[in-house]
Amino acid sequence: MSFIDRIRSAVVSLPKPPPAPQKAQTGPALPAVRDTFTATANTVASPVSLDGRGTYSVAPDEVSGKLDGKITGPKGITVSIEASAKASQKTDVKSEDGYTTYTVTSEASFTVGGKVNAGVVGFGANQTEGITTTYQVRMSDEDYQRMLDGEIPEPNPFDPTTMPPGSSIMMNSSDYSETGLSASYRQLSLDSKVKESEGTSMVFEMGEDNQLTVTGGPTEAIENSFKLGLTLGPVSAHIGNTTSLEGFTLHTATFDLDSEGGLGSYGEFLVTGDMPKENGDGVSNAAKIEKLDFDSTSSAGIKIGPFSVGGEIGSSHLNQVTTTLPDGTSTTVSNFSLHPGDIPIELHQTFGPDGEEDLSKQTMTMTLTDVNDTVGAYIYAAFTGADHDTAVAQFEGDADLVLTLGHDDVEAIAERAQAYIADWEKATGRTWDEEFQLGSDRLIGQLAGVESVADISQILAGATSDGQLAEGLLLLSAGFGRDTEPAPLSGDVKAA
């Protein structure tokens, strides 16, 4: 039997599997709680447990950080912060996936001077105030052990140079409600459109070369990024998983701690809560990140980008995360499926300062979790040209299929679908009528009319089943008619 006959024979016998079960989540589920910090009573020197393997005590150690008040920020405010008290007993020590997290309470002394507006800053001019600080630390297991051995200092947000690369710290507004820092959280809360009951938090992540990225916003979204680790990807990828908040805004910026401009801006941010909105001396990657959620009941009839909510989106759900840069350019990541239980799609779009979209930069990703081996093999073969045995081997076990398409891929797929229809009409002597096409042929007819990545995103998401989708794509790669040479479709597919 020829290769083309094998493909067509396989398509005919393609099973229609039930929806693939979700892959079991590894590790404990992340709780959607407002505040995971422990109160300042953490100072008790009781033993703590690490993964239930026994208990040990951590001796208090010196924290001798200081943010130099001689450096004036861009708003004319000088900030001197000295954290010279002993750090308290660490609690809630946990190790998971190579990272250790724990809670610590320490003390710091703030002195603020210069052009101070007491309505914005919770301190009077030249006033010194002592604050007990509670925060959560996340660092690699290796760095945590080095800290216990006295090789590196305790990470402290008021002297961020103590933070090793890849570490992060989270601070929560509820721990500072009665201190001078409460004003900074109020400002951050206003900027982020956060309700008082939801709480506001900041997460600090140290990158290479003393580049400190700070993100502030509602506590639930910040906790989500903190627990996943910002080093795993952009914040926008993480907050898309925040489900219990309908919509919110985050602000982020990176401070160069090796420059006076970066240090001054960082000090001002700590006491004002006013995140830099523009890039400048020592400040980069300033951005506003907004998350919006839509469903057919709350958003019927509203048109959002390429989607018509209440129409094509139907009874399903769409969430969008938009990141806007200081120059007005923005990117939007949309996660959606057209009907409950349908194939999930992630669409990336890029917009200029005038709001016009650059269609050439659209990309989409389709992920089939723990995909049926046969379905995965057929889609993989359709985009790679791999033989059957090679394709099946990719999905043995609990593998996911990830398909990514860009603008050029969509153009190429549309041309292949149009050629398939032309060959069908030539072979049958009939005119292709979309209304009377069923199953795989109907899908191919839809693909022939796509003009953008957004178009194909909605078609793939709306496929009757992943089996039908695999069947249609495999037929399209084979082509119609015995004189047609099979060729892989344009796109990137992999087993993950």
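A polar contact is a pair of N or O atoms within 3.5 Å, and within protein one must be able to donate a hydrogen and the other to accept it. I keep in mind that this is a predicted model.

**Entry 1: T215**

I looked up T215 and found it in strand 10, residues 211-218. Is T215 buried or exposed? Its relative accessible area is 1%, and buried means under 20%, so T215 is buried. I then checked its side chain, which makes a polar contact with the side chain of T252 at 3.0 Å.

**Entry 2: helix 9**

Next I went to helix 9, which runs over residues 407-428 and has 22 residues. From its first C-alpha to its last I noted 32 Å, close to the 32 Å expected at 1.5 Å a residue. I listed its buried residues: D409, V410, I413, A414, A417, Y420, I421 and W424. Where do the buried residues fall, seen down the axis of helix 9? They fall within an arc of 135 degrees, so they line one face of the helix. As background, I recalled that an α-helix has 3.6 residues a turn, so residues three or four places apart point the same way. On the other side of helix 9 I found D408, E415 and K426 exposed.

I also looked at what covers the buried residues of helix 9, and the cover includes helix 7, strand 19, helix 10, helix 11 and helix 12. Just after helix 9, I noted that G429 takes a positive phi of about 75 degrees.

**Entry 3: the cores**

The largest nonpolar core has 52 residues, and in it M366 and F383 touch the most other members. Elements that give this core two or more residues include strand 17, strand 18, helix 7 and helix 9. Which element gives the largest share of this core? I found that helix 7 does, with 8 residues.

**Entry 4: aromatic pairs**

How many aromatic pairs does the structure hold? I found 7. F204 and Y266 form an edge-to-face pair, 6.3 Å centre to centre with 85 degrees between the planes. F204 lies in strand 9 and Y266 in helix 6, so the pair ties together parts that are 62 residues apart in sequence. I checked burial, and both F204 and Y266 are buried.

For F255 and Y266 I noted ring centres 5.5 Å apart and planes at 65 degrees, so this pair is edge-to-face. F255 is in strand 11, and 11 residues separate it from Y266.

Notes. Residues numbered from 1 in each chain as written. Predicted model: local features only at pLDDT ≥ 70, side-chain atom pairs only at ≥ 80, totals over all residues. Heavy atoms only, no water. Helix = DSSP H or I, 4+ residues; strand = E, 2+ residues; numbered from the N terminus. Buried < 20%, exposed > 50% of the residue type's maximum accessible area, 1.4 Å probe, protein only. Expected span 1.5 Å × (residues − 1). Arc of directions from axis to C-beta. Contact = heavy atoms within 4.5 Å. Core = buried A, V, L, I, M, F, W, Y, C linked by side-chain atoms within 4.5 Å. Phe/Tyr/Trp six-rings, centres within 6.5 Å; stacked < 30°, edge-to-face > 60°.
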